[in-house]
Amino acid sequence: MKKLCTLLLLAMTITACQVSPAAESVEMMTDQQIADFDWNDFTIFEENLIPEVYSVLDTLTTAPYYLLNFELDETLETVKGTVVVRYTNNSQDTLESLLFQLFPAVYGGWVDLGEITVNEQTVDVEANRSSVVVTIPLTETLMPGSSCVVRIPFESSIPRDMGGNYGLYGYFDEVVVLDGFYPLLALYDEGKWHMNITSFNGDIKFEEMSFYQVTGEMPSDLVAITTGQEIATQKSGDMKTVQYIAGPVREFYLAASEQFVTQEQQVGETNLLSTGMQGSEDAIAHAMEIGEASFQIYTDRFGVYPYSEMDVISTPMQALGMEYPGVATVTTRLYDLNGDMNGTPNRVYLDSVIAHEVGHQWFFNLVGNDQIEEPWLDEAITQYIVGLFYEDYYGPTAAQSYKESWAERWSRVDFSEIPIGKPSYAYDPSEYSPIVYGRGPYFIEALEAEMGSEIFGEALHHYVDDFGWQIATGDDFKAHMEAACECDLTNLFNEWVTP
Ligand SMILES: [Zn+2]
């Protein structure tokens, strides 16, 4: 068992990734290649998965499929590209239009759109530089089970000021962080498009599993860390062209810097990469240790991590950390291992933030949920499983100290019994973190106590099995737990969750 130097956690604000690898040259896809593209061949995505989960490729054949080309020039002032998406209507409704979200406009930047086509026919789209959602009219009504191909050229500014939601998009301190830099499909189900980017209380994306083939042109000196797997790279003068595949994943994320250094370690079928700025090698090594430990603990408890790569990286941001598919990001501030934040050593935060963001690989990415309408479902569970990480890695005393961070948060609203189950926008900003991150994990503990630890532990593992690659709701979670304990949990949910 390892000893944690300082155990008290204070004032935490954890908050809330057709080319052939054998291709001789790495080039952007041409229009003709896109027109001839085989949307039904998923075998290339085996490179992004561990063999145990290859069969998922047979089950998600109608998921959105993105071909994304982008260019980052040496000024890093804009990212320019084209996104081509094959979208299949998996609902029971006929659709007249598709909705895309433009996150750079949310983060204080802007997006310009070029000529948009649907099935190679130009369509009229109303948008300006500050539009955060655009409606793409379809040239023909899209019937259930039918597909269309949408092509959207875009150019997104890369802001120098940290704005919008947690400062997750821009060029800061020699790192370019590109969260949602391309037009990203909104999710349609139960008769509506989910595009509720109305509040900065919590995470602002809600995405379904999708496939990405990405080709990016960027300065050769940039070290880029992304969702998915790099499969080919080719240098030409000062520029390089890199190809990535990612899928099934909920989005494609990229962070890059000339100053990034990376350490690598193979864990089972997965390559773990720990990346940070030059000069922070000790922190990068420590992040690798905690990344590996939490990876192992969650794998043992909730089943395999599905991808061939997992990244832990430090980037500048206002939050302490942020989760992306296959990527756990941690604020650069914590990579100063001798520093502290409000008197609490950075080392203490660093462990819990890494364990939290790695935990999201199971609860947020593998099991998806509506992070706007039901943020508790991934955040409260993730907070709770960080307690399991401490328990398994450092022992019960450390776990107890970590859990004091829940109490400290909840105390900021005087332990008020505000339901944890409200949409993020329905909380006062002063209540969101104390309730969802503070009170939330105590509900999961209460649920464990009600069901019994053994039954609850097995049920949480089976929840990942049953809802993995899909979307779960709070009602699904409740019904799953009730089936496991053969008991009625309504009173408990009313006491803690139900708004
Ligand atoms: Zn979180």
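These legends go with close-up views of one predicted model. Residues are numbered from 1 along each chain as its sequence is written. In this predicted model, local features need pLDDT of at least 70 and side-chain atom pairs count only at pLDDT 80 or more, while totals for chains, interfaces and linings use all residues.

View 1. Contact here means that the C-beta atoms of two residues, placed from the backbone, lie within 7 Å. By that rule, 16 residues of domain 1 touch 12 residues of domain 3. The domain 1 side of this contact has 6 nonpolar, 6 polar and 4 charged residues. Ala, Val, Leu, Ile, Met, Phe, Trp, Tyr, Cys and Pro count as nonpolar, Asp, Glu, Lys and Arg as charged, and the others, Gly among them, as polar.

**View 2. Helix H3 crosses helix H4.** Helices (H or I, at least four residues) and strands (E, at least two) are DSSP runs, numbered from the N terminus. H3 spans residues 281-302 and H4 spans residues 346-359. Their axes come within 9 Å and cross at roughly 45°. That makes H3 oblique to H4. Axes are lines fitted to C-alpha atoms, for helices over the stretch in contact, and angles run from 0 to 180 degrees between N-to-C directions. Angles under 35 degrees count as roughly parallel, over 145 as roughly antiparallel, 65 to 115 as roughly perpendicular and the rest as oblique. Among the contact residues are Phe295 and Tyr298 in H3, and Leu350 and Ile354 in H4. The contact of H3 with H4 has 8 nonpolar, 4 polar and 1 charged residues.

**View 3. Helix H6 meets helix H7.** H6 (residues 396-411) and H7 (residues 429-451) have axes that come within 8 Å and cross at roughly 135°. H6 and H7 are therefore oblique to each other. H6 brings Trp406, Arg409 and Trp410 to the contact. By class, the contact of H6 with H7 has 6 nonpolar, 2 polar and 2 charged residues.

**View 4. Three strands form an open sheet.** The order is E7-E3-E11, with antiparallel pairing. Strands pair if DSSP finds at least two bridges between them. E7 (133-142) and E11 (184-185) stand at the edges, each with a single partner strand, so one side of each has no neighbour in the sheet. E3 (residues 95-101) is joined to E11 by 2 bridges. Glutamine 101 faces leucine 184 in E11.
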